[in-house]
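Q: Please take a close look at the aromatic rings of this structure. How are the rings paired, and where do the partners lie in the chain?

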Amino acid sequence: MKKISIYTAALASLLLLGSCNDWLDVRPKSQIKEEALFKTSSGFQDALTGVYTLMGRTNTYGGNSTMGFIDVLAQQYSSVGTGYDKAASFDYKNDTDKGYIDDMWKDSYQGIANCNYILKNIQENGSVLNDSTRRLVKGEALALRAYLHFDVLRGFAPSYVVGKDQPGVPYISHVTSSPVQPISVAAMTDSLVRDLQEARDLVRDIDPIGPAHATYDELKDEQYTTDQYLKDNGFWMFRTSRLNYYGMTALLARISLFKGDNANALKYAKEVIDSKKFSLINDDLLAQDKASTSSKYTYTFAESVAKHEYISGIYVYGLKEKRNNLYYTDGKAALTISDERKQSVFGATGLDFDIRAKKMFSIPDGNSKQYINKYMSGTQIPLLKIGEMYLIAAEASGDIEYLKDFRRQRGYTSNPLPEGDNLETELQKEYQREFIGEGQLFYFYKRKNILPIPNAPVETSAATFIFPEPDDEIEFGYSNN
């Protein structure tokens, strides 16, 4: 098998995206050395924050891996702007789409490289951290590395069901500038499962949102007080903006389903559901949020969804101005869903009852068009949500009751499932509704080998589901085609 050179630039750019700037003053930005960063606990924290910041870029989860390129491929939108017109027809060879694809690859492997630097320095310099901080940083670095690897695998390799023994993508588990061989799809998923299991074990009893703690305010271990979280630059707060214990568990459910391991997919999905830490939004929760806020501020629907449903998300500063207005207005992206498409997705009944159909779209003042408002307020883009756990549980178990429970909370109280429709049909419909602007539907079609892709304007095939690797990588002799 030929080898691949992972971008050494990713290694050289180590963690220049941290939220704190104190360590940037050590030497010029381009010359920062890792030993200067990892001398203190705050340096490790900044390094980890830097990975999340990188993931929030428009190149990846702050745009093209969620609401942009990936959802355009899934045909989530009935109309797109000039920046995505070629993507809607799966024209991966044009310069614009090649740029999107190359950036997703590069930024993902840059994030993976940065995680490996953190893990390397935990091994070498971890004595500057107390035990709980060391375990949390290591656990999150392992989990972030797994999340990034998995999405590169989903994009650039065959799906498990059609090519588990075929070459996948490189699994980079250590700091290196040497070429790295890709491993098989099956070997990659096995490696990611092991990483996530280790990560969960590390954070299980210390994560403030994990199983050892009922809530942030009901901490059972005196060593970890609320005051201590606040004093530590907020590092232990806002756990749903990070890959917390349940985010790691939810990712295990997603990967297990991908590889056809239904028993473990169900086990992990149920663990998240049964934790009672996350709830599907409904009218009662919306009313509670409204009642709990002051007259000066009221939760929007999107903020309530994030508060109750997001297991793990990415914090994005200026979400409305820098993301929503970029994608869901009349700007360059101009991603819209027409009334006709909306009705085809939700159905006539859904338009009347489905809380998503009623709340997730709006017509801005002075405009005649209806836009998706999922990111018009709030601060987070979801990576993993409780709704997906219900859908995974339903698919993995074959028990339609999970789907009925899910749909009841979505508004179908008197008629949770139409007569005559089966589980597979309804699961596809729910993925189309649930993940608008989140980048999951395309991978659902790929995992299930659903062809032709619904609403696609051109013919689609298995090749449509595999992105071409960047030209830079082909120059080193690697091809996964």
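A: In this predicted model, Phe 69 is buried, and Tyr 100 is buried as well. These two residues form one of the aromatic pairs, of which the structure holds 23. Their ring centres are 5.5 Å apart and their planes meet at 50 degrees, so the pair is classed as tilted; the tilted class lies between stacked, under 30 degrees, and edge-to-face, over 60. Phe 69 belongs to helix H4, which covers residues 69-73, whereas Tyr 100 belongs to helix H5, residues 95-125. The pair therefore ties together parts that are 31 residues apart in sequence.

A second tilted pair is formed by Tyr 77 and Tyr 328, with 6.0 Å from centre to centre and 55 degrees between the planes. This pair links distant parts of the chain, 251 residues apart. Tyr 77 is located in the loop between H4 and H5, and Tyr 328 in the loop between helix H14 (319-327) and helix H15 (339-353). Tyr 77 has a relative accessible area of 4%, and Tyr 328 has 1%. Both residues count as buried because the cut-off for that class is under 20%.

Phe 69 and Tyr 100 also take part in a cluster linked by ring pairs. Among the other members of this cluster are Tyr 84, Tyr 92, Trp 105, Tyr 109, Phe 156 and Tyr 327, together with Phe 442, Tyr 443, Phe 465 and Phe 467.

A ring may also have a charged residue over its face, as at Tyr 412: Arg 407 lies there, at 4.0 Å from the ring centre.

Methods:
Residues are numbered from 1 along each chain as its sequence is written. This is a predicted model: local features need pLDDT of at least 70, side-chain atom pairs count only at pLDDT 80 or more; totals for chains, interfaces and linings use all residues. Side-chain values use heavy atoms; hydrogens and water are left out. Rings of Phe, Tyr and Trp (its six-membered ring) pair if their centres lie within 6.5 Å; planes under 30 degrees apart count as stacked, over 60 as edge-to-face and the rest as tilted. Helices (H or I, at least four residues) and strands (E, at least two) are DSSP runs, numbered from the N terminus. Buried means under 20% relative accessible area, exposed over 50%, partly exposed in between (1.4 Å probe, protein chains only). A charge sits over a ring if NZ of Lys or CZ of Arg is within 6 Å of the ring centre and within 35 degrees of the ring normal.
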